[in-house]
Amino acid sequence: MRSSRLKLTLIFLLLSIAIAAAIVLSADSTRNRNVYKLAARDAVLLSEVARGLIEAAAPRGGSLLESDSTTGGFILAPSIQRQLATLPDYLIVVGTDSTIYFASAPVGRLNDTDWNNIYTGLTKVEDGGPAGVMRLSVGTVVFVGARINDPTTGLIRVIAGSRTEPEATPRELLTVLYVVIPLMIVLAVTVFWFVTSGVFQRIERVRADVAAISDGKSLHRRLSNEGASEELDSLITTLNSMIARLETSFLSLRRFTADASHELKTPLAVIRADIERAMHEKTTDLDRQIALEESLQEVRRMSDLVDGLLTLARSDEKQIEIVKEPVNLTALTHEVYETALILGEAAGVNVQLSFITDVTVVGDHDRLRQLFLNLVTNAIKYTPAGGRVDIGLGVHASTATFAVRDTGIGISASDLPHVFDRFWRADRVRTRGSERTGAGLGLAISQWIAQAHSGSLTVSSRLGKGSLFTVILPLNFTES
Ligand code: ADP
């Protein structure tokens, strides 16, 4: 049985039957208790009446019994017997030696087994209650005793019995048991089946919608919140936010794949052309050499691109471990400045070390070097000849700041939010000369390095005026 609706309905049905059975059983046992109580009350009453009759009929101070000339024993005075015979139900007058002095007509009609049962059980019947219950063939009879002091024999007892109402379930109870309760159960189960039908239909609708959305082409669609139930609404909200996240990753994956293949297409086309040129029989040795060098340059560019992609992919998967060791940023800044001087000289850009402090942070030396170099080479790359690049290293209470300012081409306000996006590059026309720029991964990697050190990389820039990139690093970072 795989349908949850059917399973729930069956559980509901079984529960309803169990509850109904419990109610019927407890009602029945309460009723039975009352039946015994009533019979016991009747028996007590009967025993008291019988005793009253016997005592009233007895001659003052004389015996209740008369000697029987036929047997030589004693019998209950016939006048008393006649009066007792008018009483209903089961009545026995018995002596202490178990002699039966009187037995009412209903007792006389009992069969031998019943009579034996009564006879052996008589001693167990208490005087005045609590009642002794005997199951006889005529039904259940409750017996109660009463004692009378007799001057002749000492003690005689009156045992009175009253039959309980037949225990058989009365008609009304049978109707409730076999008609009303089953009808109510059927009604409840039917209502339950239809009520759950609405819920399950909505779940099925959500499932179908999710199936339609998750085909990959409809990730822009969202499930509609019907306000049907709190649980379903919260499920729909969760699913919607999951679909939104899926859509974002799907789009960025698509963009990433398109960008990566686009970036690889150009160098591959150049390499292909170069190889074809080098293989041509009419190509001179010098041209062949030039073609090979160009290919080599493109291969280097491609290998840098693949390195960058791998770094970002691994950083996304949190697979790159950031070494935590003391890094002397002062020495590192000097080293980067030396490299910048050489690059700046080649590009006609004036590079200055504006301010520097003694500061050591905990981090990954090689990654921090990569970050600083990226910023400095960008500053030189995007600053026209004659411009200026300033490098600075400062320290605050718990952070170190590395800043690179240039007087280069700057970045427009609309472009600024995208500079750290993967593969993003400003309009190529603005870049210096005919030199091809990188793939647009440098700043994305730089930002990841800063963040992996629990730090930040920020930029402020004005188009045509220059840019300022600032790295802030905690002096001691503990997060992994
Ligand atoms: P690229 O390898 O293209 O330099 P980056 O991720 O380092 O890639 O930089 C992304 C883009 O940001 C660059 O293409 C450039 O348009 C812009 N950019 C980065 N640094 C500067 C800067 N100092 N001045 C102006 N534009 C910059």
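Helix 6, which spans residues 230-279, has 50 residues and reaches 72 Å from its first C-alpha to its last, close to the 74 Å expected at 1.5 Å a residue, the expected span being 1.5 Å times one less than the number of residues. Helices (H or I, at least four residues) and strands (E, at least two) are DSSP runs, numbered from the N terminus. This is a predicted model, in which local features need pLDDT of at least 70 and side-chain atom pairs count only at pLDDT 80 or more, while totals for chains, interfaces and linings use all residues. Residues are numbered from 1 along each chain as its sequence is written, and side-chain values use heavy atoms, with hydrogens and water left out.

The buried residues of helix 6 (buried means under 20% relative accessible area, with a 1.4 Å probe and protein chains only) include Leu-232, Ile-236, Leu-239, Ile-243, Ala-260, Pro-267 and Ile-271, and among them are also Asp-233, Glu-263 and Asp-274. An α-helix has 3.6 residues a turn, so residues three or four places apart point the same way. The buried residues of helix 6 pack against helix 5 (171-213) and helix 7 (285-316), where contact means heavy atoms within 4.5 Å.

Helix 7 is also a partner of helix 10, whose buried residues pack against helix 7, helix 9, strand 13 (456-462) and strand 14. Helix 10 is mostly covered, with nine of its eleven residues buried, including Leu-443, Trp-448 and Ile-449. Just after helix 10, Ser-454 takes a positive phi of about 60 degrees.

Of the 19 residues around the ligand, Asn-378, Tyr-382, Asp-406, Ala-426 and Leu-443 come nearest, a residue being near if one of its heavy atoms lies within 4 Å.

Among the polar contacts (pairs of N or O atoms within 3.5 Å), an N or O atom in the side chain of Asn-378 is 2.8 Å from an oxygen atom of the ligand, and a backbone N or O atom of Gly-440 lies 3.4 Å from a ligand oxygen atom. An N or O atom in the side chain of Ser-467 is 3.4 Å from a nitrogen atom of the ligand. Taken alone the ligand exposes 530 Å², and the protein buries 97% of that, with accessible areas coming from the Shrake-Rupley method with a 1.4 Å probe.

Terms used:
A polar contact is a pair of N or O atoms within 3.5 Å; within protein, one must be able to donate a hydrogen and the other to accept it, and residues adjacent in sequence count only if both atoms are side-chain atoms. Buried means under 20% relative accessible area, exposed over 50%, partly exposed in between (1.4 Å probe, protein chains only).
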